[in-house]
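Thanks for making the time, everyone. Please bring up the sequence and the structure, and then I will walk through a few places in the chain.

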Amino acid sequence: MPDWFPWIFVGGILFICLSFIGAKYKDKEYKKVQYLQDFISGAILIGFVGVLTPDIFPKISISS
């Protein structure tokens with residue numbers, strides 16, 4: 001598994017947070033389907049960046 005693979009989840013969650021903040025800033029309703037759309041968008045973006053420049057992502061170790 002590549003070092004950047006766990007960062008896909010971080011990118012998806014980051015996109016959800018930014019989109020939610022943007023919707024609240026514009027006084028728009030944030031719909032349930034947007035959570036999935038934003039997560040997929042963030043995951044795709046991080047996936048592309050991970051393939052093109054994998055050295056920018058630090059390794060995440062979850063061992064205790």
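Predicted model: local features only at pLDDT ≥ 70, side-chain atom pairs only at ≥ 80, totals over all residues.

Residues are numbered from 1 along each chain as its sequence is written, and side-chain values use heavy atoms, with hydrogens and water left out.

A salt bridge is a side-chain nitrogen of Lys or Arg within 4 Å of a carboxyl oxygen of Asp or Glu, and for charge, Lys and Arg count as positive and Asp and Glu as negative, with His and the chain ends not counted.

D38 sits in helix α2, where helices are DSSP runs of H or I with at least four residues, numbered from the N terminus. Setting aside residues up to four places away in sequence, D38 touches G12, F15, I16, S19 and Y30, a contact being heavy atoms within 4.5 Å. K26, by comparison, is found in the loop between α1 (7-25) and α2, and K26 is exposed, with a relative accessible area of 60%.

That loop also holds D27, which has a positive phi of about 60° although it is not a glycine. Most residues other than glycine have a negative phi. D27 counts as exposed, at 72% relative accessibility.

Now to the aromatic side chains. A search of the whole structure finds four aromatic pairs, where rings of Phe, Tyr and Trp (its six-membered ring) pair if their centres lie within 6.5 Å, and planes under 30 degrees apart count as stacked, over 60 as edge-to-face and the rest as tilted. The rings of F5 and F9 have centres 6.4 Å apart and planes at 85°, so this pair is edge-to-face. F5 is partly exposed at 34%, and F9 is partly exposed at 46%. F5, F9 and F39 form one aromatic cluster.

F39 is in helix α2 and is partly exposed, at 25% relative accessibility. Apart from its neighbours within four places in sequence, F39 is in contact with F9, G12, I13 and I16.

What forms the nonpolar patch on the surface? The patch is made of L36, I40, I44, F48, V51 and L52, with about 650 Å² of accessible area together. Patches are made of residues with over 30% relative accessible area and no salt bridge, like charges being joined within 9 Å and nonpolar side chains (Val, Leu, Ile, Met, Phe, Trp, Tyr) within 5 Å, and the areas come from the Shrake-Rupley method with a 1.4 Å probe, where for residues only the protein chains shown count as cover. L36 is found in helix α2 (residues 32-52) and is exposed, with a relative accessible area of 53%.

I will finish with D55, which is in the segment after α2 and counts as exposed at 77% relative accessibility. D55 and W4 are 51 residues apart in sequence and 8.4 Å apart in space, C-alpha to C-alpha.

Technical notes. Helix = DSSP H or I, 4+ residues; strand = E, 2+ residues; numbered from the N terminus. Buried < 20%, exposed > 50% of the residue type's maximum accessible area, 1.4 Å probe, protein only.
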